[in-house]
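Take a look at the model below.

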Amino acid sequence: MIQPILEQQERDLALIDVGREILSGARNELYLNMRFLDVALFGLPFVMDPAVRPLGTDGANLYFHPEALGRLYRSGRVRVNHAYLHSLLHCLFCHPFPDQKPEEEYWNLACDITAEYILDGLYLPCVHLAASPLRREYFQKLRMEKKVITAQRMYRRLMEEKPDPVLFARLSAEFCVDDHRFWDWDQKKPQSQMQKKHWEEIRERMQTEMETFSKEAASNAESLEEQIRAENRKRYDYREFLRKFSVLKEEMQVDPDSFDYIYYQYGMELYGNMPLIEPLETKEVKKVEDFVIVIDTSMSCKGELVRQFLGQTYEVLGESESFHRKINVHIVQCDEKVQEDAVIRNQKEMQEYLEHFTVKGLGGTDFRPAFEYVGKLVGMGEFTKLRGMIYFTDGKGIYPARKPVYETAFVFLKEDYTDIDVPPWAMKLILEPEDVLASGREEKHTGL
């Protein structure tokens, strides 16, 4: 009775060893072809799990089912390499750790399509598989859009299109490679945040490696390098970005940070109803007071994108803790010349302006007239202490040769990641449509 059990255990252990050998061989082959993956490849220990089919990851381990992995290996060594790299790409781009809780089935499919799209752009025999007609047609449509395909963008696309159940099932069957059962949908877990940060650091190192030491090896992985550059963009909180233009002023409010409750409590105990110290009635706060927003109204800027940008900015202007009750905001519309200057003194005026906003101009793009105009306003004493200007544009225009006396930031709203050259004295922020559409939520905004 015991002998058959022991024999079965030995067979199971042998299968596990074979599974680990298969994965080790795949890892070595991937490493020989893509040296820049060294840290990522060796960052996932192999763990047997009888529930997974055939591979799966949680960002900490690579789980495998011995028999399912063996069947995949018998169909071709390349298929194992492909599946291994597919799961690794999920980790590299933090797919198991979404920023917001998504609809799981759409997020799973979006991540699988993104991973397979990157793999399709790797011209390496060790991972290349023949593409089906459905795959060729679907990827051709994505390439025609000439955008960097990210899981977030793919998810938004699927949510908008809402493919019918038959098409959704076909897409899932085509692009699903690994098991997502280990993915963590609770983004607040400390362990998940640590894993996410770990893979972000690996991805940043990979970008440096691909651009320098392993440049030749990365020549066949342009789609992967492009994706990594897009994902590695620094992320800023848009509210914090606007607070760069704030000034320090006193306001009539209690300052709890400068108040010592020990002396207060001691006085109340000693004298009954007379504290030794009371809270300060004024508090120093950093808020935006004087501000300039310039809107590029040339033919290349879409009116709807301008409205979205102004709406997002209004969300911040509407925060009482960010802006003074009395503000002096100039919203200047400019193409090749200044078309309009709307002065906003309070939140009500800002809301009315947005409700009746119309684009004026639609000519060429020249940034210099707006800077000259604001310079004249500064000379006329229009501002108490102008800290900065935000210039919303597509980046195609003539920039001033000299730095103004105030801080300047060029904000670009683009659906694709392309670097934009601005003068060295100016800040640069690139927002994507999903960043603007996320207005009013506590989300991180993308930029450089």
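**Where helices meet**

Leu69, Leu72 and Tyr73 of helix α3 touch Arg77, Arg79, Val80 and Ala83 of helix α4. Contact here means heavy atoms within 4.5 Å. Helices (H or I, at least four residues) and strands (E, at least two) are DSSP runs, numbered from the N terminus. By kind, the residues of this α3–α4 contact split into five nonpolar, no polar and two charged. Ala, Val, Leu, Ile, Met, Phe, Trp, Tyr, Cys and Pro count as nonpolar; Asp, Glu, Lys and Arg count as charged; the others, Gly among them, count as polar.

A word on the model itself. This is a predicted model, in which local features need pLDDT of at least 70 and side-chain atom pairs count only at pLDDT 80 or more, while totals for chains, interfaces and linings use all residues. Residues are numbered from 1 along each chain as its sequence is written, and side-chain values use heavy atoms, leaving out hydrogens and water.

Two packed helices are described by the angle between their axes and the distance between the axes. Axes are lines fitted to C-alpha atoms, for helices over the stretch in contact, and angles run from 0 to 180 degrees between N-to-C directions. Helix α3 spans residues 66-74, and packs against α4 at about 125°, with the axes 6 Å apart. The two are therefore oblique to each other. Angles under 35 degrees count as roughly parallel, over 145 as roughly antiparallel, 65 to 115 as roughly perpendicular, and the rest as oblique.

Helix α4 (residues 77-92) also packs against α9 (residues 190-211), at an angle of about 105° and with axes 8 Å apart. That makes α4 roughly perpendicular to α9. From α4 come Leu88, Cys91 and Leu92; from α9 come Trp199, Ile202, Arg203 and Met206. These residues divide into six nonpolar, no polar and one charged.

Now the cysteines. How many disulfides does the structure hold? It holds zero, a disulfide being a pair of cysteine sulfur atoms within 2.5 Å. For Cys91, the nearest cysteine sulfur is that of Cys94, 8.5 Å away. Cys91 is buried, at 0% relative accessible area. Cys126 is buried too, at 3%. Buried means under 20% relative accessible area, exposed over 50%, and partly exposed in between (1.4 Å probe, protein chains only).

Last, find Pro102 in the loop between α4 and α5 (104-120). Its relative accessibility is 12%, so Pro102 counts as buried. Leaving aside neighbours within four places in sequence, Pro102 is in contact with Trp107, Tyr155 and Trp185. Pro102 and Gln152 lie 50 residues apart in sequence, and 10.0 Å apart in space, C-alpha to C-alpha.
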